[in-house]
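Please view the sequence and the model first, and then read the points below by topic.

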Amino acid sequence: MEGSPVGEKRKKLIAGLILSVVLTLAYLPVLNAVFLLDDNDELAHVGNMQSISAVWGADCYGFFRPAKNLLYYFVTRAAGRNRTAARVISLGLLLLAANMISYYLRRLGLDFRTAYASTALWALAPTLVSSVAWFSCANILLMTGMGVGALLSWENFSYSTGGRAAAWLAVAGILYVAAMTAYEAAIVVPALIIIREFLIVRRTGRVPRRALALALLLALGLGYFVLLRWHVSSTVVGILSIAPAPPAMMSFSAALLMIYHLGLWLWPFGRLTILSTFDPQAPGMMPAAAAAWILVTAIFVMLWRLRRRIPFVVFGILFFFIAILPLSNLVPLYNGPMADYYLSFASIGLAVAVGWMLMTGFRRLRERGVKAERWWSLVVVILIAWRAAAALYVPLWAAAWSSERRLLQAAVVNAPWNNAARAELARVIVGEKGQLSTALHLAQQSVEGAPWCPRGYYSLADVFSRMGRYAEARRVLDRLIQKYPDLTTAYVLEGALYDRSGQTASAERCYRKALDLRWHPQYSPIAAINLGGLLYQQGKTNEALEVWRSAAARDPYSLELQANLAFLYTQLGETELAARHLDRARRLGYSGDAFRR
């Protein structure tokens, strides 16, 4: 049976099964991960969708990611927003991507052991944990699977002829576009195919014409995709985690961000984090960026010289740099600067490079036996110890996601420069007994360290309001509004502060301004609920009704809006409409019949 087609299939099946079991056990703690931050925004956004056809559009931040919307649509409708069900989906996407990668690497030309070793190195890297634990990153895992599927389809196309080849080429194109509907970083797939042709298949120094033809074909498809995205999401919500800086300065910082992510995968120990802030104009940042460009140039010169001797290592490292390129802000899109989930796709290349070196070392030792050169033994031992230690961190990092406080605390400890995480930690602990002074200190540090980042201002205003220092809280929000006049959240929070102080006219002004801005899935319904309540208390029942009806049309799954409409229709004697909205509210979890605000 050894060496027969049936034996080979059985071997691959067993290897895939073992890999899936190991990954499931390693990532089991993510089943307890909580919904946090971006999850809540996207859940609120998708919760407003009245039919599945609405997923074909922008996500909660304005990016055209229908595949992400579809994942959340399933969780909100079929799984009842169950966090464990969401992580089961993420774990399934991880297992699917891992098995796709192993198959792709075998088709690429790696032997069976090296392909599976490389896949295990990719999947058991701590930097992959956030992509599984944070459901907001499930679309990145989906993109990884579909992106690898496009690469695999190209491999099958390469070994096919006639109609079969045309079919595989079509599949590659479809998966490529589908991957971009999940996450835009899949744009690099044609470039990865070209370096595959150049290094692995044709080492002639000339890119094959078929790769250029595919690149042209996919570029045309990409042009349509870009136009569609522009049409659907003409307004994108700014994340504001990067300080305002000239585009040229942002582009110049790209090498620094690439080297950061390379270092994060190579040495993840003690670097668990979430969120990030980055100031290209901070002291010493430009010299560091210049040094990073020198290092990147040196790496590329070395790769060029070694391209014929170790093509798979060169391919793997180039794979990383090409895949991380769209996320590095070389084109100054002002993406979030640093994130371990950026490595979900790009780290496939690093795993290939390390896996090839590891398995080559094993082969050298086996071939030469006791005569093996000592340095090969040392290389193998170091590689095994290094990646085994990294793999042991996977369940530890996964367990940290079971508590928002624990996760943010680790992020602040591991990255003292992370002012966004510091602000969110202040938000989380401010309600805990005896933590007001700590929360105040954290929020003040965040505002001082990253004065362009709204998170710190929100947390500082929250702390001041809980201390009863409403005037100071309003001044904090006024400073933020002066910087960013179109932040819906800032106006809602300031309106609530005026409301608590009894300044209803100012509160009404803030709520109306918030509702005039771009709809925020979490905070715009709050503005509508509070504004309607103020109007009702002033006897302006019809105005309150119009505010709540308009908001409910935008957010039909808001329990509070449905309950308030039921109450108001009852007051107006519209019993049929009141019963309809009360029924909707109860189906959303409402258990009373009183006015809610």
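This is a predicted model: local features need pLDDT of at least 70, side-chain atom pairs count only at pLDDT 80 or more; totals for chains, interfaces and linings use all residues.

**Surroundings of Ala 353**

Apart from its neighbours within four places in sequence, Ala 353 is in contact with Val 313, Gly 316 and Ile 317.

- Ala 353 is part of helix 15, which spans residues 343-368.
- With a relative accessible area of 4%, Ala 353 is buried, because buried means under 20%.
- Between the C-alpha atoms of Ala 353 and Ala 552 the separation is 53 Å, and the two residues are 199 residues apart along the chain.

Two packed helices are described by the angle between their axes and the distance between the axes.

- Helix 7 covers residues 138-158 and helix 8 covers residues 162-182; they pack at an angle of about 165°, and their axes are 8 Å apart.
- Helix 7 is therefore roughly antiparallel to helix 8, as angles over 145 degrees are counted in that way.
- Sorted by class, the contact of helix 7 with helix 8 comprises 16 nonpolar residues, five polar residues and no charged residues.

**Helix 19 and helix 20**

- Helix 19 (residues 436-449) and helix 20 (residues 454-466) have axes that come within 8 Å and cross at roughly 150°.
- Helix 19 and helix 20 are therefore roughly antiparallel to each other, given that the cut-off is over 145 degrees.
- The crossing of helix 19 past helix 20 is left-handed.
- Helix 19 contributes Leu 436, Ala 439, Leu 440, Ala 443, Gln 444, Ser 446 and Val 447 to the contact, while helix 20 contributes Gly 456, Tyr 457, Ser 459, Leu 460, Val 463, Phe 464 and Arg 466.
- In the contact of helix 19 with helix 20, nine residues are nonpolar, four are polar and one is charged.

**Helix 24 and helix 26**

- The axes of helix 24 (residues 523-537) and helix 26 (residues 559-571) cross at roughly 20° and come within 10 Å.
- Helix 24 is therefore roughly parallel to helix 26, since angles under 35 degrees are counted as such.
- Helix 24 and helix 26 cross in a left-handed sense.
- Pro 525, Ile 529 and Tyr 536 of helix 24 meet Glu 560, Leu 561, Asn 564, Phe 567, Leu 568 and Gln 571 of helix 26.
- The contact of helix 24 with helix 26 has six nonpolar residues, two polar residues and one charged residue.

**Cysteines**

- With a disulfide taken as a pair of cysteine sulfur atoms within 2.5 Å, the count of disulfides is zero.
- The closest cysteine sulfur to that of Cys 60 belongs to Cys 137 and is 12 Å away, which is too far for a bond.
- Cys 60 is buried, at a relative accessible area of 5%.
- Cys 453 is in no disulfide, and the nearest cysteine sulfur, that of Cys 60, is 16 Å away.
- Cys 453 also counts as buried, with 2% relative accessibility.

Conventions
Residues are numbered from 1 along each chain as its sequence is written. Side-chain values use heavy atoms; hydrogens and water are left out. Axes are lines fitted to C-alpha atoms, for helices over the stretch in contact, and angles run from 0 to 180 degrees between N-to-C directions. Helices (H or I, at least four residues) and strands (E, at least two) are DSSP runs, numbered from the N terminus. Angles under 35 degrees count as roughly parallel, over 145 as roughly antiparallel, 65 to 115 as roughly perpendicular and the rest as oblique. Ala, Val, Leu, Ile, Met, Phe, Trp, Tyr, Cys and Pro count as nonpolar, Asp, Glu, Lys and Arg as charged, and the others, Gly among them, as polar. A crossing is left-handed if the near helix is turned anticlockwise from the far one by less than a right angle, and right-handed if clockwise. Contact means heavy atoms within 4.5 Å. Buried means under 20% relative accessible area, exposed over 50%, partly exposed in between (1.4 Å probe, protein chains only).
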